[in-house]
Amino acid sequence: MKMNETLIFPTLEAVREARKSIENVVNYTPLQYNARLSEKFGATIFLKREDLQPVRSYKLRGAYNKIKTLFNEGKVSHGIVCASAGNHAQGVAFSCKQLQIKGTIFMPVTTPKQKLEQVEMFGGNYAEIRLVGDTFDASKTAAFEFAETSRAAFIHPFDDVQIIEGQATLALEILEQQKENIDFIFIPIGGGGLASGISTVFKELSKETQLIGVEPKGAPSMRLSIENNINTELLEVDSFVDGAAVKRVGDLTFEICKTALEDCISVDEGKICETILQLYNKDAIVLEPAGALSISALEQYRNQIKGKNVVCIVSGSNNDITRMEEIKERALLYNGLKHYFMVKFPQRPGSLKDFVLNVLGSNDDITHFEYTKKNSRETALAIVGIELSNPLDFDGLKERMQELGYFESYLNDNPDVLNMLI
């Protein structure tokens, strides 16, 4: 099928109309200069703070624009339905309450509790949550089936022209807020709605700006599709960056992004976790994994952005505080500071003490230990997690284990075992 024959593309005029439609419910979010990042990368870096929206993400823009349009056209008599990993759901729930429309919201079973509670709060009696499947795509299938049987209007999270035009309104704000030329803009990508919206505006009003799409390493569906020159579904995704873990991007968003984006890159989930911790500790900014995607990509463009004006879209801050231990763990693993081993311990008193004295460095710390004594054996295995203060200490640690006969295997290279530990 030739996509261009059937798809309706967003226009700058429609984006300006969308802005009028949503201006009473959407915040005009700040474009903040960040001194720390600017000094670190030798560039002038601004953060577009969409985490400061009423629902703490940019998703409200598209959701409200779409639902308000349907409301004005009298097409919501049977209610609306959507599928979402969280942020789109909150935007839809907020819109339902504002317009007093009944909404049914399908979400993955794996959705963080914090996001479920937020949807309930924003939607009140106007939003019903249904948990189906482990991924966004499974929830989307269930939502499609519900729409067909109930005749409720389906509100797509990204592959819809009016959703894209709503998201695009933040690009108009950026160009009003930054009077100097913008050399680079880094845009997080899940399904591609935000990137498509920003592209619609910037390709008309700021053609010299390079648009860089950013995806999590575990869900690079847009990058793969662009490389294949056809919309390609991933076989599996890492759902950690839940706001951007999409197996297949939209047909419309793919058609826009494949020509509009200068580049589409992926970022390791561990790097994203490192960014979340740095922003929290150094800038007092709390972000969810998808919200930190654009800032996490700056390291890959360090040489290109030096001396340039850069904008990063901070897309959302709906993070569950209970995830912070996992975020810290992933950051330590990414930076080579946390290591898991299978260790052989002699079945005698004092063997653990000898291990601590003879194997560990002065600044090393045991943070995980699983061991069961086997009385009928000379040695028994233990799973040991060790945190280092310097990643360069790893080789010495492993060599001492091997020389003294403690080493059995290194577990960081075994994702199945590692996933059970973190």
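User: How many cavities of 30 Å³ or more does the count come to?

Analyst: The model is a predicted one. In this model the count comes to two cavities of 30 Å³ or more.

User: What is the volume of the largest cavity, and which residues lie nearest its centre?

Analyst: The volume of the largest cavity is about 320 Å³. Its lining comprises 29 residues, and those nearest the centre are Tyr-58, Lys-59, Gly-190, Gly-243 and Ala-244.

User: Which helices supply at least two residues each to that lining, and how does the lining of the largest cavity divide by class?

Analyst: Helix H4 (87-99) and helix H9 (193-205) each contribute at least two residues to the lining of the largest cavity. H9 provides the largest share, three residues. By class, the lining of the largest cavity holds 14 nonpolar, twelve polar and three charged residues.

User: Which residues line the second largest cavity?

Analyst: The second largest cavity has a volume of about 70 Å³. Its lining consists of Arg-36, Leu-37, Lys-40, Phe-41, Lys-271, Thr-275, Gln-278, Ile-295, Ser-296, Leu-298 and Glu-299. Two or more of the lining residues come from each of helix H2 (35-41), H12 and helix H13 (293-296). H2 gives the most, with four residues. The lining of the second largest cavity divides into four nonpolar, three polar and four charged residues.

User: Turning to the pockets, what is the volume of the largest pocket, and which residues lie nearest its centre?

Analyst: The largest pocket has a volume of about 590 Å³. Of the 18 residues that line it, Asp-238, Arg-330, Leu-418, Asn-419 and Ile-422 lie nearest its centre. Helix H12 (269-283), helix H15 (324-334) and helix H18 (415-421) each supply at least two residues of this lining. The residues lining the largest pocket comprise six nonpolar, four polar and eight charged.

User: How many residues line the second largest pocket, and how are they divided by class?

Analyst: The second largest pocket, with a volume of about 260 Å³, is lined by 17 residues. Thr-110, Ser-239, Phe-240, Asp-242 and Arg-323 lie nearest its centre. The classes in the lining of the second largest pocket are seven nonpolar, four polar and six charged residues.

User: What is the strand order of the four-stranded sheet, and which strands are at its edges?

Analyst: The order in this open sheet is E12-E13-E11-E14, and its pairing is antiparallel. The twist averages 25° from one strand to the next.

User: Which residue stands opposite Asp-365, and which helices pack on this sheet?

Analyst: E12 and strand E13 (residues 379-387) pair in the antiparallel sense over six bridges, and Asp-365 stands opposite Glu-387 in E13. Helix H16 (residues 351-358) packs on the sheet, where it touches strand E11 (338-346), E12 and E13, and its direction makes about 135° with that of E11. Helix H17 (residues 394-403) lies across E11, E13 and E14 and runs at about 15° to E11.

User: Finally, how many helices and strands does the chain have, and why is the chain described as compact?

Analyst: The chain has 18 helices and 14 strands. Its radius of gyration is 24 Å, close to the 22 Å that the globule rule gives for 422 residues, so the chain is as compact as a globular protein of that length. The C-alpha trace spans about 80 × 55 × 40 Å along its principal axes.

Definitions and conventions. Residues numbered from 1 in each chain as written. Predicted model: local features only at pLDDT ≥ 70, side-chain atom pairs only at ≥ 80, totals over all residues. Heavy atoms only, no water. Pairing = 2+ DSSP bridges. Axes fitted to C-alpha atoms, helices over the stretch in contact; angles between N-to-C directions. Contact = heavy atoms within 4.5 Å. 1 Å grid on protein atoms, 1.4 Å probe; cavity = no way out; pocket = protein on both sides within 12 Å on 5 of 7 lines; lining within 4 Å. Points joined across faces, edges and corners; volume = space filled by probe spheres on them. Nonpolar A, V, L, I, M, F, W, Y, C, P; charged D, E, K, R; others polar. Rg over C-alpha atoms; globule rule 2.2 N^0.38 Å.
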